[in-house]
Amino acid sequence: GILAAIAIGLPLTSNFDNDPHYVLDEFTAHWWRVMLGFIAVPATLGLICFTCICNSNTPHELVAASNVGDAAVIMGRIMQAESHLTKEVEDKVVEIMHATEESRDLHQVSLTSAIQDSFYRRALLIGYTLAALQQLSGINVITSTSNELFFNAGLSAARVTQVSTGMACANVLMSWGCSSLVGNLGRRPLLMYGLLIMALGAAPVGILRLLADNFHWSFLSKQVIGWVSVASSVIFVLSFAVSLGPVVWLYLSEIYPVEIRGKALGMCGVINWLSSFGIVFFAKFLNVTTSFNVFAGVCMVGFAFSWAYVIETKGTSIEDSPLTPRSGRSGSNLIRSISSSSLVDPTEIRSKVRQSSSSPDLKAKYKIKDMATPDRGGPPP
């Protein structure tokens with residue numbers, strides 16, 4: 001989206017000198033209207049995608065609505081299994097059903113009550129902090145002022161546009177590669193070292209500008225500081241693209257149990273937007289030197305926080321997060337003790353999954369080619 005916005009803005013002329021008497025040329029006077037109207041295109045495509053193409057509910061929602069067969073089919077697609085009748089898919093749906101049964105009586109748990117409970121508190125505080133850190137790192141401020149930094153480095157208006165476009169292209173490529181990195185390296189290392197590199201990227205700008213302003217060292221010319229600012233901004237943005245940007249939301253989606261997941265993620269979104277508003281508003285009262293020093297300090301705090309408190313979730317189940325393990329639910333004061341007789345028997349759950357997944361109606365509905373039941377050591381009950 002950022003790359004598309006930059007590409008659409010390439011034909012525009014820029015007023016880098018902040019001339020109050022600057023007059024738009026004829027093309028620019030009309031093209032900005034096209035830019036504002038273009039946002040309707042991705043919005044329309046998203047509407048079509050989510051209503052006509054990707055219009056399936058999640059397996060968790062389907063299980064909660066007792067549509068176990070549909071949940072198995074969707075889970076098979078997610079897991080890229082040969083059939084929705086494989087044992088791996090069945091085990092995952094059974095796990096979701098167990099979690100759904102356990103949380104069925106806990107839908108009234110509020111975030112206020114949850115944060116006072118030792119079982120939920122740590123996950124909530126970690127999530128809130130990461131959501132805030134993503135914006136307090138200063139990413140929106142740096143990306144919005146990058147053109148000014150590049151222009152102060154001595155680049156021409158045309159060169160500034162080229163550098164900004166190149167940075168956006170690199171951002172897309174780094175984000176694309178993050179999907180494999182997060183699976184191989186894990187969430188915690190990407191968060192830690194991404195924040196560390198972001199801090200190391202922002203610090204030189206603030207330190208060199210501070211030295212130049214206070215000690216007037218001759219070798220710290222405006223052009224030298226400008227090119228350092230360019231390099232630092234690129235390093236900062238690219239590091240964000242493979243760490244704090246995508247990993248935060250992936251991590252948050254993996255650490256909350258089903259009974260508070262929606263509420264907790266909603267609150268993380270609110271905190272994220274409030275942090276974005278606060279840092280952008282606050283940065284208007286700071287100069288470039290102070291801003292970069294503040295952002296470097298925030299990233300270092302984030303690195304220390306990730307090292308001390310973030311627990312790796314790679315390879316774990318979303319229903320059994322290491323921050324809120326099912327084995328620790330008995331220690332929660334909010335979770336009422338549930339006797340074994342009040343829960344569906346595990347054998348009964350597995351039997352229900354097999355029967356629902358084997359329904360002949362699913363073959364016509366989802367056009368599944370392989371409907372043969374895999375060998376599980378005996379016929380399904």
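Predicted model: local features only at pLDDT ≥ 70, side-chain atom pairs only at ≥ 80, totals over all residues.
Residues are numbered from 1 along each chain as its sequence is written, and side-chain values use heavy atoms, with hydrogens and water left out.

**Salt bridges**

- Arg187 forms a salt bridge with Glu254, with 2.6 Å between the closest N and O atoms.
- Arg187 lies in helix H11 (residues 187-215) and Glu254 in the loop between helix H13 (244-252) and helix H14 (258-283), so this pair ties together parts that are 67 residues apart in sequence. Helices are DSSP runs (H or I, at least four residues), numbered from the N terminus.
- Both Arg187 and Glu254 are buried, where buried means under 20% relative accessible area, exposed over 50%, and partly exposed in between (1.4 Å probe, protein chains only).
- The side chains of Glu95 and Lys92 also meet in a salt bridge (3.6 Å, N to O).
- Glu95 and Lys92 are three residues apart in helix H6 (residues 87-103), and therefore about one helical turn separates them.
- Lys92 counts as buried, at 19% relative accessibility.

**Exposed and partly exposed residues**

- Leu36 belongs to helix H2 (residues 26-37) and is exposed, with a relative accessible area of 55%.
- Ala170, in helix H10 (residues 157-184), is partly exposed at 23% relative accessible area.
- Ala170 and Ala241 are 71 residues apart along the chain, and their C-alpha atoms are separated by 9.3 Å.

Methods. Helix = DSSP H or I, 4+ residues; strand = E, 2+ residues; numbered from the N terminus. Salt bridge = Lys/Arg side-chain N within 4 Å of Asp/Glu carboxyl O.
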